[in-house]
Amino acid sequence: MASLLGTRAARRRGIAFAALLIVSVLLMGLSSNPAMRELQRGLGFALRPVQGALDQVASGVASIGAAVAEIDQLRLDNQALNEEVERLRNDNARLAEIRRENEELTGLLQLRAALEFETTAAQVIGRESSEVRRLVTLNKGTDDGLSAGDVVVTQGAALAGRIIDIGPNSASVLLISDSSSTVIGQLATSTATGTVVGQLGGTLVMSDIDSTEQVVLGEEVFTAGIELAGGVRSPYPKGLVLGQVVDISRDANSVVQTAFLSPAANLDKLEFVLVILDYEGGLPPIEEQPQPCPPGEDGTLPEGERPCLTPSSVPTPTKRP
């Protein structure tokens, strides 16, 4: 049975081979026939537009593929450029901030050289701004030589405030824009004095100015630095800038007038300040306090008594031990 199947398979292969051989011989004969060649040329001519269209389609597909690849590359390049632009923009913003801080610190260094007091620079690290309070927190405290009562100034010798609470590494400063702050101010032109207090909105109010004095819009106001009754020194040294007069309120029936000041410094945006270390406001040391002279003094002091002291009109810096 197996030999019979093998014989049939061999017979089929032989028939297929003979058929292919016959077809090949016929095609060779036809290809050499002039009529067949003419037919081939005719078919080629007739199919040439189709071939051209197919070539164009193939070229278009290839062009579309190339365009898609180019668009994708352009998209990647654009993304890279956008990232570079954003990086440069951030770098420029950072450099602008550094430049601004350098300018502010340079101004403080110039002020430090101009002041006759010993000072130290500090950075504002906290703010309290509400309807009733205007406070800032500094990054230095008693470990850095600061103490309660120290005066705080900023660029242009502008008065910022005074330390009211302090710890080893931080200090709270009551700004002059706080409603509880009181400073004796002096007008630059007339030298008239008045009480400068803070109020809501940041504007300072200078009250109790003698109504006979001429107050001019734009006039600068400085700390008077005058000594108070009983030999009490001013909490603030003389000559620090408080602000400029922006409005005046006069009453014909009043013996005083009021001026409104724009602060010399933007107290709501303080970043760096100088703290004056060696100015002592308030009561002077006990040995410098004036003593009342006993009545009927004949020029001879009892043993252990000190001479009478007369308070000075202008406070002087007192060096700390």
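Trainee: Where is the place of alanine 157?
Mentor: Alanine 157 is in the loop between β3 and β4. Strands here are DSSP runs of E with at least two residues, helices are runs of H or I with at least four, and both are numbered from the N terminus. Before we go on: this is a predicted model, where local features need pLDDT of at least 70, side-chain atom pairs count only at pLDDT 80 or more, and totals for chains, interfaces and linings use all residues. Residues are numbered from 1 along each chain as its sequence is written, and side-chain values use heavy atoms, with hydrogens and water left out.

Trainee: Why is alanine 157 called buried?
Mentor: Its relative accessible area is 16%. Buried means under 20%, exposed over 50%, and partly exposed in between, using a 1.4 Å probe and protein chains only. With 16%, alanine 157 therefore counts as buried. Its phi is near 60 degrees, a positive value in a residue other than glycine.

Trainee: What makes threonine 191 partly exposed?
Mentor: Its value is 47%, so threonine 191 gets the in-between label. Threonine 191 also has a positive phi, about 60 degrees, although it is not a glycine. You'll find threonine 191 in the loop between β6 (182–187) and β7 (193–198).

Trainee: How do you know that β3 and β4 pair?
Mentor: Two strands pair if DSSP finds at least two bridges between them. Strand β3 (residues 151–154) and strand β4 (residues 158–166) are joined by 4 bridges and run antiparallel, so they qualify. Threonine 154 stands opposite alanine 158 in β4. The two strands form a hairpin with 3 residues between them, and glycine 156 in the turn has a positive phi of about 75 degrees.

Trainee: What joins β4 to β5?
Mentor: There are 5 bridges between β4 and strand β5 (residues 171–175), which run antiparallel.

Trainee: Which residue of β10 does valine 221 stand opposite?
Mentor: Glycine 243. Strand β9 (residues 220–223) pairs with strand β10 (residues 241–249) in the antiparallel sense over 3 bridges. Glycine 243 also stands opposite proline 263 in β11. For β10 and strand β11 (residues 256–263), the count is 6 bridges, again antiparallel, and these two form a hairpin with 6 residues between them.

Trainee: How many aromatic pairs does the structure hold?
Mentor: The structure holds 1. Phenylalanine 117 and tyrosine 279 form that pair, at 5.8 Å centre to centre with 80 degrees between the planes.

Trainee: Why is the pair of phenylalanine 117 and tyrosine 279 called edge-to-face?
Mentor: Rings of Phe, Tyr and Trp (its six-membered ring) pair if their centres lie within 6.5 Å; planes under 30 degrees apart count as stacked, over 60 as edge-to-face and the rest as tilted. At 5.8 Å and 80 degrees, these two are therefore an edge-to-face pair. The pair links distant parts of the chain, 162 residues apart: phenylalanine 117 is in the loop between α2 (34–114) and β1, and tyrosine 279 is in the segment after β12 (272–276). Phenylalanine 117 is buried at 11%, and tyrosine 279 is buried at 3%.

Trainee: What makes threonine 119 buried?
Mentor: Its relative accessible area is 4%, so threonine 119 falls under the 20% limit. Threonine 119 lies in strand β1 (residues 119–129). Not counting residues up to four places away in sequence, threonine 119 touches Arg112, Leu274, Val275, Ile276 and Leu277, where contact means heavy atoms within 4.5 Å.
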